[in-house]
Amino acid sequence: MAELNTGDGGGGKGGKVRSKKQNSKVDLTAMVDLAFLLITFFMLTTSLSKPQAMDLSLPDKDPKIDEVPTKVDENRTMTVMLGADNKMTYYMGLLATPKVGPKDITYGKDGIRKELLTQKKAVLAYSTALGKPKNGIIVIIKPTKKSNYRNLVDILDEMAISGVETYAIVPEFSPEETKLIDKK
């Protein structure tokens, strides 16, 4: 407990009582102990925030030589190319015979997100008509060397928001794609 120590106020010399300034001293040892106990308690009982990470599947380090490349239905494939100065171009299918596009589009809910949701519904209807309702849209993200890291993170966020489960980041461009992205 804290205590307040004051000096004695006894009479002085000669019977005359003068008011003496009292020395007050507060012992704070117990308060310091209590403060450290509280700090220790709250440090041990609080939970630290856990970092949030996105799941990422990477290919094997040693690709098999005799492995046959997987054929993907061009009606399910959407290619998004990220260019310089926050430019983005997309197309559905193959670039030589596109189903939709190529079109320039912006980031955000009225841009790429709206188009992703529209194409996702169209691909789901197409897959259901073929009798394979679990086959959804496949998005190929192609960042150029001139695009910045934020653009890639933004498009990955759009994939998570719009619920696209299958997407790949491919840094390779065909000559036609290079001409298309450089032209813009």
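Start by selecting Asn 151, Leu 152, Ile 155, Leu 156, Glu 158, Met 159 and Ser 162, the buried residues of helix H3. Viewed along the axis of H3, these buried residues stay within an arc of 150°, so they line one face of the helix. The model is a predicted one.

Next, show the whole of H3, residues 149-162. The helix has 14 residues and runs 20 Å from its first C-alpha to its last, close to the 20 Å expected at 1.5 Å a residue. An α-helix has 3.6 residues a turn, so residues three or four places apart point the same way.

Turn to the face of H3 that points away from the buried side: the exposed residues there are Tyr 149, Arg 150, Ala 160 and Ile 161. Then bring up what covers the buried residues of H3, which includes strand S3 (77-82), S4, helix H2 (112-129), strand S6 (138-143) and strand S7 (166-169). Just after H3, select Gly 163, which has a positive phi of about 80°.

S4 and S5 make a hairpin, with four residues between them. Gly 93 is opposite Pro 98 in S5.

Now select Lys 142 and Phe 173: Lys 142 lies over the face of Phe 173, at 6.0 Å from the ring centre.

Last, go to the one aromatic pair found in a search of the whole structure. The ring centres of Phe 41 and Phe 42 are 5.2 Å apart and the planes stand at 70°, so the pair is edge-to-face. Phe 41 is partly exposed at 47% relative accessible area, and Phe 42 is partly exposed at 49%.

Terms used:
Residues are numbered from 1 along each chain as its sequence is written. This is a predicted model: local features need pLDDT of at least 70, side-chain atom pairs count only at pLDDT 80 or more; totals for chains, interfaces and linings use all residues. Side-chain values use heavy atoms; hydrogens and water are left out. Two strands pair if DSSP finds at least two bridges between them. Helices (H or I, at least four residues) and strands (E, at least two) are DSSP runs, numbered from the N terminus. Rings of Phe, Tyr and Trp (its six-membered ring) pair if their centres lie within 6.5 Å; planes under 30 degrees apart count as stacked, over 60 as edge-to-face and the rest as tilted. Buried means under 20% relative accessible area, exposed over 50%, partly exposed in between (1.4 Å probe, protein chains only). A charge sits over a ring if NZ of Lys or CZ of Arg is within 6 Å of the ring centre and within 35 degrees of the ring normal. The expected span of a helix is 1.5 Å times one less than its number of residues. The arc is that of the directions from the helix axis to the C-beta atoms. Contact means heavy atoms within 4.5 Å.
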